[in-house]
Amino acid sequence: MTNPHAPELVASCWTSAGAVAPLQVPETSPVPISDRIEAIASTGWSGFGLAHDDLAAARSTLGFPALRSLIDDAGLRHVEVELLSDWWDESLSHRCRSQFDLLLEAAETLGAKFIKVGTTIGKPLDDLDFLVEPLRRLTAEAELRGTLIALEPMPFSMVGSVPAAADLMRKVNMPGCGLVVDYWHVFRAGTSLDELSGSLEAHQIFGVELNDADADIRGSLFEDTRDNRRLCGQGDQDVEGFIQTLKSIGFNGPWGVEILSEEHRALPVREALRAAHETALACFPEDPALRSEK
């Protein structure tokens, strides 16, 4: 029997993508989308994410309406779509525009709550005011299609930390623009859980991604996040404390799980999904209300 009190977990795009990694060309999963959805549903997830190249492949083959039918038939309730970049630079609008159009269509047809956006790899910037108006434009267009814009801060990008991103959201000041808070990016940016809770407001949190990592960084920050993430509870970070911090702010799911590692990519997708789901679920404290039912 399904536990009605269990947290809803979403397999973020890379968690179910198999033998493919960010910045590969193309970033297309070798797993057929129908097999991927079946594996996600059969291992206990409530939803999943798809990256741009997988969305493009799905649209050109079975089409988004048929993909929506597969998702609904599998009983998956949450869909995430990503990742838009170059949106702040008008000189790159020719590249960004087609990506954004596809993500808008995917979000509208598949029922995605938000479109995830990022910023370019590089040193975090102190002055982020130049992003305010571009974010407002993206948000206004997304709202017309029934979705939201969610910025993901990363310690190797222009928006390098959650506190900086939360300040940026206050300047954007639109309810349709918020954040994806990925735990790997939180601790690798050096943000403590106290700093996290002191900087974020519940309405700013559109999505959360759970994962773990060793204490020491291997390679560059990007190489470490791409190749060396650990399953929840199997690294050196305080995943349970992060969950409790987000709950104390007012967030209560659905909870994304984003596992990226050479080890994870080498596993059969169903096995990888099962391990990611079970280890993430184990980091949630048992609901006291359930003890009397056992």
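Predicted model: local features only at pLDDT ≥ 70, side-chain atom pairs only at ≥ 80, totals over all residues.

Analyst: Residues are numbered from 1 along each chain as its sequence is written, and side-chain values use heavy atoms, with hydrogens and water left out.

User: How many salt bridges does the structure hold?

Analyst: A salt bridge is a side-chain nitrogen of Lys or Arg within 4 Å of a carboxyl oxygen of Asp or Glu. By that criterion, the number of salt bridges in the structure is 23.

User: Which side chain meets R270 in a salt bridge?

Analyst: The N to O distance of this salt bridge is 2.6 Å, and the partner of R270 is E38. The pair links distant parts of the chain, 232 residues apart. Helices are DSSP runs of H or I with at least four residues, numbered from the N terminus. R270 belongs to helix 12 (residues 269–281), and helix 1 (residues 33–42) holds E38.

User: Is R265 buried or exposed?

Analyst: R265 forms a salt bridge with D227, with the closest N and O atoms 2.7 Å apart. Buried means under 20% relative accessible area, exposed over 50%, and partly exposed in between (1.4 Å probe, protein chains only). Because its relative accessibility is 15%, R265 counts as buried.

User: Which residue forms a salt bridge with R188?

Analyst: Both R188 and D224 are buried. The closest N and O atoms are 2.9 Å apart, and the residue that pairs with R188 is D224.

Terms used: Helix = DSSP H or I, 4+ residues; strand = E, 2+ residues; numbered from the N terminus.
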